[in-house]
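Here's a quick briefing on one protein model, meant to be read with the structure open next to it. Have a look first, then work through the notes below.

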Amino acid sequence: MSQAVTKRIQELYRQLRAQLDNTRSGRKFHSRRKIMELYRETRYVVDRALQQLTDESIISIHPREGIFINHRLEGEKLRIISCHDDWQSEQMGNFDQAIINVFAGEADLYDFSTQLYPFEAKGFIEQVEALDCDVILLYPPYSLSKNELIRLFALPQTIVFCCNTLSYAGVDAVDLHPEMIGMTAAHHLISNGHRKLAILQSEPWSPAESARINSFLHLSRLNGIEPIIIDCHISNGDYSPTMAHATLNQHIRQFGANFTGIFVLSDASALGALKALEDNGLRVPDDVSVIGNGGFAAAALYSPPLTTVSENFTGFAEAVKAGVEELAAGGRFGLRSVNPILVKRKSVKNINQE
């Protein structure tokens with residue numbers, strides 16, 4: 001190698017090192033092509049300078065994903081923001097609180113906060129692009145467009161898609177397996193002897209709700225059962241307990257209680273379903289078993305206390321922490337998986353002996 005080329009490599013190394021020394025860890029750095037354009041250098045010179053930075057553990061190069069900054073500034077905290085809509089939801093509060101709990105003992109290393117965007121998602125992408133942090137735990141709106149997705153992937157921060165199933169190479173996400181919720185509900189009812197099943201579609205459509213519904217139907221059908229589908233035709237903004245009560249009440253008056261076990265798509269709407277059953281003289285769980293979804297604390301106070309399939313909030317927070325620690329060590333967050341948990345209470349009866 002000529003002295004002139006060696007000098008160019010060292011000069012580019014010094015320039016890149018100076019820029020990296022003032023950039024937060026975990027951020028995505030320029031691509032090779034961008035460095036070639038910015039510094040008007042050849043691919044060979046850029047590759048040698050990047051290799052020197054890699055050997056010093058200042059950067060990590062992940063094929064087909066990019067170049068990431070490893071080092072941390074003196075006294076630097078890794079800043080994490082949970083970004084979700086402003087709809088008042090106990091479930092989202094549970095996710096945020098679980099993360100606060102797992103990072104509570106490491107306040108000198110991590111800083112966690114929450115940023116809300118409007119429920120109707122107006123200005124969502126601009127708000128996310130303005131966030132000043134290292135890691136964004138993103139709960140995106142269901143209306144996310146292709147162009148918005150492209151803009152998200154262009155951000156320098158690590159974007160972790162939460163409660164999603166974007167299991168593709170290069171996408172950082174926590175998959176809560178909504179399909180496992182439907183299967184768990186079906187399995188629990190079937191294992192307790194129920195062969196006449198129903199599902200109360202009491203929440204607005206979303207990819208996650210669709211996965212819960214279809215998985216409940218699929219597992220039921222694998223066991224030779226065709227569940228009754230009771231659709232509340234609910235939209236965003238509707239009060240689900242009221243609509244669940246009205247819809248189930250109408251179904252029972254028209255068709256009778258033609259099921260012994262019912263899966264209600266949320267713990268909130270299960271309150272309305274329980275009232276509809278009571279209004280029609282049906283006892284829970286003696287006449288009809290009910291299983292919900294969501295892990296709402298109030299569900300333990302229902303009459304009877306509601307058996308439910310809950311998102312694993314603690315498991316979610318621990319998966320986030322493990323991914324963030326991997327980032328801080330120079331790796332990538334990656335795709336992490338958390339299964340739901342079955343919370344057994346008093347609303348499901350075992351009828352195998354009957």
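Let's start with a pair of side chains: Asp134 and Arg79 are both buried (buried means under 20% relative accessible area, exposed over 50%, and partly exposed in between, with a 1.4 Å probe and protein chains only). Bear in mind that this is a predicted model, where local features need pLDDT of at least 70 and side-chain atom pairs count only at pLDDT 80 or more, while totals for chains, interfaces and linings use all residues. Residues are numbered from 1 along each chain as its sequence is written, and side-chain values use heavy atoms, with hydrogens and water left out.

**Salt bridges**

- The structure has 19 salt bridges, a salt bridge being a side-chain nitrogen of Lys or Arg within 4 Å of a carboxyl oxygen of Asp or Glu.
- Asp134 and Arg79 make one of them, at 4.0 Å from N to O.
- Asp134 sits in the loop between helix H5 (124–129) and strand E5 (135–138), and Arg79 in strand E3 (residues 78–85), so this bridge ties together parts that are 55 residues apart in sequence. Helices (H or I, at least four residues) and strands (E, at least two) are DSSP runs, numbered from the N terminus.
- Glu126 and Arg151 pair up as well, with 3.6 Å from N to O.
- Here Glu126 belongs to helix H5 and Arg151 to helix H6 (residues 146–153), so the pair ties together parts that are 25 residues apart in sequence.
- Glu126 counts as partly exposed at 42% relative accessibility, and Arg151 is partly exposed too, with a relative accessible area of 27%.
- Asp287 bridges to Arg283, with the closest N and O atoms 3.1 Å apart; Asp287 is partly exposed at 30% relative accessibility.
- Arg283, Asp286, Asp287 and Lys349 are linked in a network of salt bridges.

**Helix packing: H4 and H11**

- Two packed helices are described by the angle between their axes and the distance between the axes.
- For helix H4 (residues 90–103) and helix H11 (residues 313–328), the axes come within 8 Å and cross at roughly 50 degrees. Axes are lines fitted to C-alpha atoms, for helices over the stretch in contact, and angles run from 0 to 180 degrees between N-to-C directions.
- H4 and H11 are therefore oblique to each other (angles under 35 degrees count as roughly parallel, over 145 as roughly antiparallel, 65 to 115 as roughly perpendicular, and the rest as oblique).
- On the H4 side, the residues in contact include Phe95, Ala98 and Ile99, and on the H11 side they include Phe316, Ala317 and Val320; contact means heavy atoms within 4.5 Å.

- Which residues does a cis peptide bond join, with omega about 10 degrees? They are Val284 and Pro285, and Pro285 is in the loop between helix H10 (267–279) and strand E11 (289–293).
- Ser303 and Pro304 are also joined by a cis peptide bond, with omega about 0 degrees. Pro304 lies in the loop between E11 and strand E12 (307–310).
- Arg40 isn't a glycine, yet it has a positive phi of about 50 degrees. Arg40 is in the loop between helix H2 (32–39) and helix H3 (43–55) and is exposed, with a relative accessible area of 77%.
- His177 also has a positive phi of about 50 degrees without being a glycine. Its loop runs between strand E7 (172–175) and helix H7 (178–191), and His177 is buried, with a relative accessible area of 16%.
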